[in-house]
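Subject: Model for your records

Hello,

Here is the model we discussed. My notes follow below it.

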Amino acid sequence: MTLSIPFDNSYARLPDSFYARLTPARVAAPELIAFNMPLAEELGISGTDDPLLAAIFGGNTLPEGADALAQIYAGHQFGGFSPQLGDGRALLLGEVIDRSGTRRDIQLKGSGPTPFSRRGDGRAALGPVLREYLLSEAMHALGVPTTRALAAVRTGEDVYRETILPGAVFTRVASSHIRVGTFQLFASRQQYPELQQLFEYTRDRHYPETKTPGELLAAVCQRQAALVAQWMSLGFIHGVMNTDNCTLSGETIDYGPCAFMDQYHPDTVYSSIDQHGRYAYQAQADIIVWNMAQLATAMVPLVQDQDAAVSEFTEIINAMPNLIRGEWLNRFGAKLGLAAPQPEDARLIADLLHMMQAGGSDFTNTFRALASGSARDEITDRESYDAWHARWQERIASEAAPEARMHAVNPAFIARNHRVEQMISAALEGDDSLFHHLCAVLSRPYEDQPDAEELRRPPLPSEVVQATFCGT
Ligand SMILES: Nc1ncnc2c1ncn2[C@@H]1O[C@H](COP(=O)(O)OP(=O)(O)OP(=O)(O)O)[C@@H](O)[C@H]1O
Ligand SMILES: [Mg+2]
């Protein structure tokens, strides 16, 4: 049995200052945990059996046509600039053109040390691999632009973190792995010919409708504004919005210490390493502007007349908060059943959120309950709710089929953090059934699934857990 992946590797054709070529390190005993067959079909991958898939996506067999490389990038981490990061534990196997004509990267994560590993071991632990698999597929099913999960493989080797943990390799599919930090690397090193090549490559791959650096920047800002507003409309907290975890394509990337919020509070933080709340739920709208300002700064040398570039780019960045407000209004307006939300509707949305915050309402369940008329049960202050409900009813009286609209955007099922942790605990004991069950339920988040009702329950106080960086 052979496996055929129709590689066409364009990043590998860029100069070698963009990456380090190398092969994945072997693992002791690769064992397939999951393989995403529908995604494989989209990518034109054919011919599969489990041992071969485990050998390929564990890193022991390099598939024909692959040209494995670790990409170099820099980035601001928690506000401080790291002049050189790069794939310290990831390897791009190559790219394929998918069934719809889109170029997609196939990348191993946890495949061993690279020249960019610094002090890391190049490996990934089983828990974070399963978290990334589950969360990225759940986000895709919710309709959010995101990297995808193709495979997860146990390595049969231990990794050493705070404790000894089983290792795994994750295979990620992305429309590219170009990060804000990739631009920052060449800009900070004053490698301007490479910066120009990266700009042209990014533009041709993701934004062929644009021409100038300013047009590209504006297009990226638009996608990132839409992305973050969509995250917020689902109660998603990315947790580590460093500029190296921020893509030019506008896809969500790096599911490290991320989580969906249970009780609504704008200051919610899940990551144990985010001690000052830099990447708290509500802060995401500001941080994405900051990240785009770093991209803008890195792009200035692309323009001959730098003063003109600075004023053009400043205008683009300054327009972002308004863009985000508009995207936010559309997303949250739809959650209330509005086909065409108006600026004055922001008040109605904010008043509901304030009631939810005051009583610690469950974000997902409260919005889901609006369409069925049971949201009152989720709010502590019933009197305020009744007054708000009357205003809302008046506003949606003229809407056609608001319930259907609400059901299409207010999920019943999200990847609740306590369930993700339970799933990881079971997998550490060798039981992957909860992982597969969660994957199945979360692939249909907007459908009522009476058999899975228990997965809608918010965590009990004893079940609440932080998402941490421990053991990535
Ligand atoms: N175990 C490890 N060994 C080597 N390098 C690592 C390891 N874990 C993280 N790194 C590197 O540290 C930097 C920041 O890590 P971060 O957690 O943002 O990335 P990641 O989760 O490894 O990957 P990605 O952003 O590709 O999803 C990256 O350069 C990453 O490659
Ligand atoms: Mg990262």
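How many of the 7 residues of strand 7 are buried? The count is 6, so strand 7 is largely enclosed by the rest of the structure. Please keep in mind that this is a predicted model.

Strand 7 has two pairings to report. Strand 6 (residues 90–97) runs antiparallel to strand 7, and 7 bridges join them. Within that pairing, V96 stands opposite R104 of strand 7. The two strands form a hairpin with 5 residues between them, and G101 in the turn has a positive phi of about 90°. Strand 10 is also antiparallel to strand 7, joined to it by 5 bridges; here D105 has A174 of strand 10 as its bridge partner.

Next, the annotated positions. An unreviewed UniProt entry places the feature "binding site" at G86, G88, R89, K109, D121, G122, R172, R179 and D254. K109 is in strand 7, which covers residues 103–109, and R172 is in strand 10, which covers residues 164–174.

K109 has 22 C-beta neighbours inside 10 Å and therefore counts as buried, since the cut-off is 20 or more. R172, with 23 other C-beta atoms within 10 Å, is buried as well. Neighbours within four places in sequence aside, K109 is in contact with R89, A90, A124, V169, F170 and R172. R89 and R172 are themselves among the positions that the UniProt entry lists.

One helix is worth a separate note. Helix 4 (residues 180–188) has 8 of its 9 residues buried, so it is largely enclosed by the rest of the structure. The buried residues are V180, G181, T182, F183, Q184, L185, F186 and A187. They pack against strand 4 (75–77), helix 5 (192–206) and helix 7 (284–299). Just after helix 4, Q190 takes a positive phi of about 55°.

Regards

Definitions and conventions. Residues numbered from 1 in each chain as written. Chains lettered and ligands numbered in written order. Predicted model: local features only at pLDDT ≥ 70, side-chain atom pairs only at ≥ 80, totals over all residues. UniProt positions renumbered as here; feature names shortened; annotations may be inferred. Helix = DSSP H or I, 4+ residues; strand = E, 2+ residues; numbered from the N terminus. Buried ≥ 20, exposed ≤ 12 C-beta atoms within 10 Å, placed from the backbone. Contact = placed C-beta atoms within 7 Å. Pairing = 2+ DSSP bridges.
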